[in-house]
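Here are a few exercises to work through with the model open beside you. Try each task before reading its solution.

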Amino acid sequence: MNVPSGMDFEWMAQALRLAERGLYTTQPNPRVGCVIVKSNQIVGQGAHLKAGEPHAEVFALRQAGALANGADVYVTLEPCSHFGKTPPCVQAVIAAQPKRVIIAMQDPNPLVAGCGIAAMLEQGIEVVTGVMEKEALALNAGFISRMMRGRPLVRSKIAASLDGRTALKNGKSQWITGEAARLDVQHWRARSCAIMTGIGTVLSDDPSMTVRLPHTERQPLRVIVDSHLRTPADCKMLDAAMLQQSPVLIAYAEDAQHHAGALKHAGAELLHLPDANRQVDLKALLEHLAQGGINEVLVEAGQGLNGALLQAKLVDELVLYYAPKLMGAHARAMFAIPELTEMQQVTDLQVLDVRQVGRDIRLRAVPVY
């Protein structure tokens, strides 16, 4: 493999900017951008925007035409080497006969990783890998998780007071954070493949859990974790008009009240996943979602589901919105977990980013398990 130059990073940065155009639309596919450069000029560029449509390399090669011959191709993800909904991109790249192909990261699919690179090397094309790899990994963290771990990336969003409280003792929580923070949450929803909540939130808040941004092209799947199947058949999430755009999956462990029929009639899909404690098996639920092409799950729930996911070490990232308010010791906490008696039992966090959103503070962190 060859050593990248300074210009390689500049052109790859442009490819990553193109890939970001698919942030809300490419699911279940990865977000990919491609830039073709010849004589220090962009002759072709493209991004993958929607599953089933051409990949970024195809758009860029079409634009470049014959100028791709002898050019440098910058692509944020190793060109695919297998047939999916579209033919393998690596064959189109090879046919264009570029001088070099510069790749940010390898295909995370263990079955095909490196195959595209090997095919290009066999044809005498120079290949450079790892250019801005960290940025490429972050852009497709959910897709990578699904490919390599068999489960989606789980991002838990929590709105809290400065003393870490998410609702009053009586369950009232609207609104802890301000309008700017609530708008920011809509962008996290829009990039997610699924939004997950718990039965407690459904019963107390009756939310819709939809993306409410202008020009929204795609609504995520909505998932309710409801161990004892208590979801009301007339709740907002089962509104008939919205179900046509955004289906609802209810994961449950038991149906003692024989409520399944009413929920199915209302339009919900039911998934029976009990664990040994008569609760929903959360790991199995995430694996089921991954099998359905879900890359990123945004959890918007109360302390019960958040606590269960954290205890099971299934939370990959926390997006915490802190409002400049104090709600007191009797208000509800972020996570319902058993009492800890030693400091060695606490969950350490690696802080990724802290910024102000309106009057609130947004903190992104990764649990260190």
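Buried means under 20% relative accessible area, exposed over 50%, and partly exposed in between (1.4 Å probe, protein chains only). This is a predicted model, in which local features need pLDDT of at least 70, side-chain atom pairs count only at pLDDT 80 or more, and totals for chains, interfaces and linings use all residues. Residues are numbered from 1 along each chain as its sequence is written, and side-chain values use heavy atoms, with hydrogens and water left out.

**Exercise 1. Backbone angles**

Find where His-215 and Ser-39 lie, and decide whether each is buried or exposed.

Step 1: start with the background. Most residues other than glycine have a negative phi, and most peptide bonds are trans.

Step 2: look at His-215. Its phi is positive, near 65 degrees. His-215 sits in the loop between helix H8 (199–205) and strand S9 (221–225); helices (H or I, at least four residues) and strands (E, at least two) are DSSP runs, numbered from the N terminus. With a relative accessible area of 76%, His-215 is exposed.

Step 3: turn to Ser-39. Here phi is about 55 degrees, again positive in a residue that is not a glycine. The loop between S1 and strand S2 (41–47) holds Ser-39, which is exposed at 68% relative accessible area.

**Exercise 2. A peptide bond and a cavity**

Locate the cis peptide bond, then describe the lining of the largest cavity by class.

Step 1: the cis bond joins Gln-27 and Pro-28, with omega about 5 degrees. Pro-28 belongs to the loop between helix H1 (6–19) and strand S1 (33–38).

Step 2: on a 1 Å grid over the protein atoms alone, a cavity is a set of points where a 1.4 Å probe fits but cannot get out, and lining residues have an atom within 4 Å of a point. Grid points are joined across faces, edges and corners, and a volume is the space filled by probe spheres set on the points.

Step 3: the whole structure has one cavity of 30 Å³ or more. The largest cavity holds about 40 Å³ of space. Gln-27 is among its lining residues, which also include Thr-26, Asn-29, Pro-30 and Arg-31.

Step 4: sort the lining, counting Ala, Val, Leu, Ile, Met, Phe, Trp, Tyr, Cys and Pro as nonpolar, Asp, Glu, Lys and Arg as charged, and the others, Gly among them, as polar. The lining of the largest cavity has two nonpolar, six polar and two charged residues.

Conventions. 1 Å grid on protein atoms, 1.4 Å probe; cavity = no way out; pocket = protein on both sides within 12 Å on 5 of 7 lines; lining within 4 Å.
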